[in-house]
Amino acid sequence: MTKLTNLRGSVADVTPQELYPYDQDHYDGLNANARLAEKAQMKSGDCVLDVCSGLCGPARWYASELGVDVTGVDISPNRVDGANELNTLVGLQGQVHPVLGSAMDLPFEGERFDAAVSQESFLHIPDKSKALAEVFRVLRPGKRFAFTDWVMHTPLPEDEMEQYRQRFACQSLLSIPEYEAQLKQAGFEVISSEDVTASWGEILARRLSMYQTLDAEAERAGNPSKGNDFLKMYAQFVSDVQNRRIGGVCLTAEKPQ
């Protein structure tokens with residue numbers, strides 16, 4: 001908000017588009033939103049569920065660009081409050097509805113939504129099978145769930161998994177076949193499964209380079225830096241992705257008629 005105020009002089013009459021440079025921090029930004037919307041077959045007037053919606057950056061994009069009504073569920077009260085403030089700031093409080101709740105126990109009646117999406121968040125959910133079953137329950141028949149998440153391509157030693165739990169609040173990582181199996185167990189038909197590891201690796205490498213540059217600039221200016229521990233951790237993270245130990249997937253599944 002400070003950057004936006006400095007740029008504009010105030011935050012009066014801010015448009016959703018003016019927030020996009022600040023509220024789309026998921027991998028590949030607006031392009032990722034567009035791909036998920038297409039895969040979920042969103043259309044104007046739909047009621048859409050965003051699971052683990054955070055500050056509702058993607059939800060505002062869906063609402064503003066596609067004319068859908070979005071309900072975002074997140075377990076963090078601070079993020080729900082922040083999302084409400086941002087929605088009101090850009091005039092989308094009537095279209096984007098942040099709700100405090102757990103993905104494993106969605107606070108909605110069955111068959112309510114025309115589409116569901118989620119971005120890079122199921123790794124934080126303790127029981128993915130329960131969350132997938134809940135998404136299935138609240139989708140209308142014939143409707144789709146499109147989402148991205150982290151996966152494990154090769155089993156990691158327990159000490160390395162523990163590092164991911166501590167650093168990224170990662171509860172567990174499935175393989176792509178395990179994810180497909182859990183979707184089918186929940187009742188879904190798997191429509192597509194796209195391995196996005198290579199593209200995520202490129203994005204992460206650019207972020208690492210940016211962090212290293214900013215860190216060096218901070219040190220030269222006498223300001224606090226992220227520190228060597230963070231940079232080493234992030235470099236290992238990038239290496240694990242580029243060497244296909246872990247990676248990403250984009251899955252699309254449909255609830256049968």
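Biologist: What does Ala 205 count as by relative accessibility?

Modeller: This is a predicted model: local features need pLDDT of at least 70, side-chain atom pairs count only at pLDDT 80 or more, and totals for chains, interfaces and linings use all residues. Residues are numbered from 1 along each chain as its sequence is written, and side-chain values use heavy atoms, leaving out hydrogens and water. Buried means under 20% relative accessible area, exposed means over 50%, and partly exposed lies in between (1.4 Å probe, protein chains only). Ala 205 has 28% relative accessibility, so its class is partly exposed.

Biologist: Which residues does Ala 205 touch, not counting those up to four places away in sequence?

Modeller: Ala 205 lies in helix α9, residues 197-220. Helices (H or I, at least four residues) and strands (E, at least two) are DSSP runs, numbered from the N terminus. Contact means heavy atoms within 4.5 Å. Beyond its sequence neighbours up to four places away, Ala 205 touches Val 238 and Gln 242.

Biologist: How far apart in space are Ala 205 and Ala 221?

Modeller: Ala 205 is in α9, which covers residues 197-220. Ala 205 and Ala 221 are 16 residues apart in sequence, and from C-alpha to C-alpha the separation in space is 24 Å.

Biologist: How are α9 and α10 oriented to each other?

Modeller: Axes are lines fitted to C-alpha atoms, for helices over the stretch in contact, and angles between N-to-C directions run from 0 to 180 degrees. Under 35 degrees counts as roughly parallel, over 145 as roughly antiparallel, 65 to 115 as roughly perpendicular, and the rest as oblique. Helix α10 (residues 228-242) packs on α9 at about 160 degrees, with the axes 9 Å apart. The orientation of α9 to α10 is therefore roughly antiparallel.

Biologist: How many residues of the contact of α9 with α10 are nonpolar?

Modeller: Ala, Val, Leu, Ile, Met, Phe, Trp, Tyr, Cys and Pro count as nonpolar, Asp, Glu, Lys and Arg as charged, and the others, Gly among them, as polar. From α9 the contact includes Trp 200, Leu 204, Ala 205 and Tyr 211; from α10 it includes Phe 230, Tyr 234, Val 238 and Gln 242. The contact of α9 with α10 has 4 polar and 2 charged residues, and its nonpolar count is 12.

Biologist: What is the handedness of the crossing of α7 and α10?

Modeller: The axes of helix α7 (residues 158-168) and α10 come within 12 Å and cross at roughly 120 degrees. That makes α7 oblique to α10. A crossing is left-handed if the near helix is turned anticlockwise from the far one by less than a right angle, and right-handed if clockwise. The crossing of α7 and α10 is left-handed.

Biologist: Which residues of α8 contact α6?

Modeller: The axes of α6 (residues 128-138) and α8 (residues 176-186) come within 9 Å and cross at roughly 45 degrees. They are therefore oblique to each other. The crossing is right-handed. Lys 128, Ser 129, Leu 132, Ala 133 and Phe 136 of α6 make the contact with α8 residues Tyr 179, Gln 182, Leu 183 and Ala 186.

Biologist: What do the buried residues of α6 pack against?

Modeller: The buried residues of α6 are Lys 128, Ala 131, Leu 132, Glu 134, Val 135, Phe 136 and Val 138. They pack against β1, β4 (113-119), β5 (139-152) and α8.

Biologist: What kind of aromatic pair do Trp 61 and Tyr 62 form?

Modeller: Rings of Phe, Tyr and Trp (its six-membered ring) pair if their centres lie within 6.5 Å; planes under 30 degrees apart count as stacked, over 60 as edge-to-face and the rest as tilted. By this rule there are 19 aromatic pairs. The ring centres of Trp 61 and Tyr 62 are 5.8 Å apart and the planes stand at 80 degrees, so the pair is edge-to-face.

Biologist: How many residues apart are Phe 136 and Phe 188?

Modeller: Their ring centres are 5.1 Å apart and their planes at 90 degrees, so Phe 136 and Phe 188 are an edge-to-face pair. The pair links distant parts of the chain: Phe 136 is in helix α6, Phe 188 is in the loop between α8 and β6 (189-195), and the separation in residues is 52.

Biologist: Where does Cys 52 lie?

Modeller: Most residues other than glycine have a negative phi. Cys 52 is not a glycine, yet its phi is positive, about 60 degrees. At 27% relative accessibility, Cys 52 counts as partly exposed. Cys 52 lies in the loop between β1 (47-51) and α4 (57-66).
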